[in-house]
Amino acid sequence: MATREEIAPAARVLPGRDSPAAAPSGTAHVRLRGVTKVFTRPQGGGDVHALGPIDLDLITGEFFAIVGPSGCGKSTLLEVIAGIQGPTDGEIEFEGRPIAGGVPDGVGVVFQEDACFPWLTVRDNIAFGLRRSGLAAGERRARVDRALEMMGLTGFAKSYPAQLSGGMRQRVCIARTLVMQPRLILLDEPFGALDQQTRLLMGEEVLRLWRETGATVFLITHALDEAAMLADRIGVMSARPGRLLDTVKTGWPRDRDSRVVADPRFGAVTGRLWDSLRAESLKAMGRP
Amino acid sequence: MTRARHRIALLRIAVLAVAVGLLEALCRTGVIDNFTMPPPSRIVRDLLAILASGALIPAILKTLGNAAIAFVLAVSVGVTAAVCIHAIRGLREALDPLFATYYAIPVLAFYPLLIILFGLGDVPQIAIAFMLGVVAVIVNTLNGLDRVPRVLLKTARIGRMTPLEIALQVTLPYAVPYILTGVRLAIAYSLIGIVGSEFIMSKGGMGFEIAFAYMNFDNATMYPLILLILVVSITANMLLAAWERALLARRGLR
């Protein structure tokens with residue numbers, strides 16, 4: 001009972017509650033302050049307030065997940081952190097430097113959609129970013145070989161993406177991100193298109209990579225159990241305009257795997273997430 | 001799968017053989033008199049004789065050379081122009097109506113004007129062939145560039161690629177099967193442009209020789225040259241089509 005208190009409901013009354021995601025400890029790897037995003041419709045018809053204001057600190061080396069109803073601006077948040085889109089207002093810092101006008105070095109992103117280049121082999125897809133890195137050919141080959149092995153793709157190095165399953169293509173995209181050795185990995189529903197079993201196993205893969213690389217991981221998902229299983233902390237986003245409603249600490253050990261779903265505390269975490277999300281999801285569906 | 005494809009290939013060859021055989025029979029029995037058209041076997045023999053004699057080789061080289069120049073220009077200028085037009089939204093919107101109606105313009109009608117401007121040489125003919133082909137390349141390249149998935153562009157941005165790198169390493173490679181459709185059209189159009197303008201007014205070339213032979217009832221020259229143009233155009237087109245199929249198959253699209 002005591003442990004249960006510690007991880008879930010009690011977190012609500014912890015000091016972090018009002019500035020929901022300010023870093024409780026450690027150093028902020030990514031720092032967002034008052035970040036908002038407003039889209040102007042090109043044909044007119046008013047602006048769309050998609051996001052924020054959001055304050056959020058990602059601690060160096062943590063696994064942070066975001067859950068939220070569909071259309072709440074989760075992907076927009078990710079693209080703003082990645083520097084793919086600029087915020088309308090507010091500030092974002094990555095490793096102490098403001099992100100402005102482009103993707104900073106050391107950030108890797110894996111998208112939900114299949115981002116393999118269909119005209120390149122698996123090996124060339126993975127080596128795509130490395131070609132421009134200025135690394136020696138030997139080092140590039142070594143990194144690609146290692147990534148192929150880590151992702152279980154060694155036998156498919158010469159295959160084209162069209163010959164692979166959806167899960168394997170997603171592993172190619174993860175491998176392509178890994179070889180760049182990013183310090184911040186952003187995952188935008190990377191398993192959204194995969195079946196449940198593959199998702200669980202891919203989740204374990206990501207946990208293993210997170211442990212081995214020491215990178216900070218920021219995961220966007222609509223699956224509460226996925227967030228609860230993978231993350232150290234989980235941010236719950238509201239319906240549009242997306243704001244952070246709550247952050248939940250899971251308290252899992254670093255060397256966890258998908259078997260945490262059997263832990264009684266797992267139910268407490270998902271229960272609390274659903275508690276915050278239910279009303280927002282109804283709002284997103286257009287119900288009061 | 002491959003067996004079915006073999007059957008289709010055999011069927012196509014059979015259809016072609018029957019058609020040529022029928023034509024041969026009609027010519028030999030006199031239904032089509034030899035003054036109108038010699039039998040196909042005779043045309044092939046005449047063609048071999050023309051090639052062996054070498055008398056028309058300069059004309060053939062002039063036509064194919066000019067067509068090749070026009071083709072290379074149409075493809076290189078067309079692809080480059082498409083990338084630029086694609087990058088500038090306003091330009092794209094301004095030019096769309098032109099592309100939509102371009103092939104309603106009889107480009108050959110500008111030939112006399114081009115002769116006045118450049119003289120009766122190769123330049124006006126290459127210009128006509130280029131004008132015919134370039135827009136097909138532009139339109140098909142734009143079609144391919146329009147289809148590049150957003151996620152690939154986002155991936156390029158994460159790789160912090162410059163616009164030129166994105167064009168050369170992401171959008172153009174993605175568009176290659178679509179560009180090839182334009183390239184095939186450009187081959188046909190450059191031959192049409194060159195031979196057509198040689199027909200109208202020229203100092204030499206296959207079109208000129210065909211017209212000259214026609215005026216002189218010289219079937220032994222006219223038909224073989226027509227056959228040669230057909231063979232060149234169809235062979236080039238089929239090779240490109242095979243390449244296109246291979247690319248699409250590799251991408252799982254066919």
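## The sheet of chain A

Two strands pair if DSSP finds at least two bridges between them. Helices (H or I, at least four residues) and strands (E, at least two) are DSSP runs, numbered from the N terminus. The model is predicted: local features need pLDDT of at least 70, side-chain atom pairs count only at pLDDT 80 or more, and totals for chains, interfaces and linings use all residues. Residues are numbered from 1 along each chain as its sequence is written, while chains are lettered from A and ligands numbered from 1 in the order in which they are written.

In chain A, an open sheet is formed by four strands in the order S2-S1-S4-S5, with antiparallel pairing. Its edge strands, S2 (47-59) and S5 (97-98) of chain A, each pair on one side only. Strand S4 (residues 89-94) of chain A is joined to S5(A) by two bridges, and A:Phe94 has A:Arg97 of S5(A) as its bridge partner.

Helix H8 of chain B covers residues 163-200, 38 residues in total. Its end C-alpha atoms are only 44 Å apart, short of the 56 Å that a straight helix would reach; this expected span is 1.5 Å times one less than the number of residues.

At B:Val176, H8(B) bends by about 60 degrees, the angle between axes fitted to the seven residues ending there and the seven starting there. A proline, B:Pro177, follows within four residues.

## Where the chains meet

Contact links 14 residues of chain B with 15 residues of chain A, counted where C-beta atoms, placed from the backbone, lie within 7 Å. On the side of chain B that touches chain A, H7 (150-158) and H8 of chain B each supply at least two residues. The largest share, six residues, comes from H7(B).

How values were computed. Contact = placed C-beta atoms within 7 Å.
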